[in-house]
Amino acid sequence: PLNIIYFVLPYPWAWAITVMLQTLLASLFTYWYCRKIKCSTTASQLSGIAFAYSQFMSVFLEYNTIGHTLLYLPLALYFVEKLSEKKSWASFIGLTLSLSFSFLAGHLQLFSLSLLFIFLYTIVRAKSAILVVLLSFVATLALCAVQLFPTLELMINSARSNQEYRFLIEKLLIQPHQLIRFFIP
């Protein structure tokens, strides 16, 4: 979804903006979620900073996929909370779009884990919204089918083969003369 920036701006600028947006949006969405669950303003601000600048988010900041996949998790939880209070089309669409943006960010494993977490969160905290959240999951898969089916086809048809043992030992594993690099950091 944020890749639209790449069509408008030259590559280095678009890349820099999307990297910076990860921390900004993660902070903002976490702040909204924490305020929704009635945390104080200070606690919400600290939570937003802690999530957006956590070691996990910082390490993968430049990849532009992992951070964008995870930054929509607090937004999805925000909409789950709204749906548990009052069911509305705006909250349903917000949850569906946040899940869709998370899927389209490009990291399927983290997206799947986010879906699992949101489902378990809904069971524990927002039981009244289980049906609506499940319906939102289905709507997300329908919206993302344009990317999901080619991805599944690619995974099925990808060529995967085992590495030869000799190649593994000589090229991939650390060689004895490279062990000095272990102590450099």
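In which helix does Phe103 lie? Select Phe103 and look: the residue lies in helix 7. Keep in mind that this is a predicted model.

**Stop 1: the whole chain**

Show the chain as a cartoon. There are 12 helices and zero strands. Walk along from the N terminus, and the elements read α-α-α-α-α-α-α-α-α-α-α-α. Now color by burial. Of the 185 residues in the chain, 36% are buried. Contacts also reach across the sequence. Take those between residues at least 6 apart: 63% of them join residues at least 24 apart.

**Stop 2: Phe103**

Return to Phe103 in helix 7. Is this residue buried or exposed? Phe103 is buried, because its relative accessible area is 4%, and the cut-off for buried is under 20%. Show what surrounds the residue. Beyond its neighbours within four places in sequence, Phe103 contacts Leu108, Phe111, Cys144, Gln147 and Leu148. Next, draw a line from the C-alpha of Phe103 to that of Ser114. The two residues are 11 apart in sequence and 9.7 Å apart in space.

**Stop 3: Ser100**

Stay in helix 7 and select Ser100. Ser100 is buried too, at 4% relative accessible area. Which backbone oxygen lies 2.8 Å from a polar atom of its side chain? That oxygen belongs to Thr96. Now leave out residues up to four places away in sequence. Ser100 then touches Thr140, Leu143 and Cys144. Click on Cys144: this residue is buried, with 1% relative accessibility.

**Stop 4: helix 9**

Thr140 leads us to the next selection.

Which residues of helix 9 are buried? They are Val132, Val133, Ser136, Phe137 and Thr140. Why do these residues sit on the same side of helix 9? Because they cover an arc of only 150 degrees around the axis. Turn the view to the face directed away from the buried side. There you find the exposed residues Leu131, Leu135, Val138 and Ala142.

Now show what covers the buried residues of helix 9. The cover includes helix 6 (72-85), helix 7 (89-104) and helix 8 (108-125).

**Stop 5: Thr69**

Jump to helix 5, residues 66-70, and pick Thr69. Its relative accessible area is 0%, so Thr69 is buried. Show its contacts, again without residues up to four places away in sequence. Thr69 touches Ser102, Ala105, Gly106, His107, Leu110 and Phe111.

**Stop 6: the aromatic rings**

Display the aromatic side chains. How many aromatic pairs does the structure hold? There are 11 aromatic pairs. Select Phe29, Trp32, Tyr72, Tyr78, Phe79 and Phe101 together. Ring pairs link these residues into a cluster.

**Stop 7: the cysteines**

Finish with the sulfur atoms. A disulfide is a covalent bond between the sulfur atoms of two cysteines. In this model the count is zero disulfides, by a rule that needs sulfur atoms within 2.5 Å. Select Cys39 to see an example. Cys39 is partly exposed, at 25% relative accessible area, while Cys144 from Stop 3 is buried at 1%.

Key. Residues numbered from 1 in each chain as written. Predicted model: local features only at pLDDT ≥ 70, side-chain atom pairs only at ≥ 80, totals over all residues. Heavy atoms only, no water. Buried < 20%, exposed > 50% of the residue type's maximum accessible area, 1.4 Å probe, protein only. Helix = DSSP H or I, 4+ residues; strand = E, 2+ residues; numbered from the N terminus. Arc of directions from axis to C-beta. Contact = heavy atoms within 4.5 Å. Polar contact = N/O pair within 3.5 Å; in protein donor to acceptor, adjacent residues only side chain to side chain. Phe/Tyr/Trp six-rings, centres within 6.5 Å; stacked < 30°, edge-to-face > 60°.
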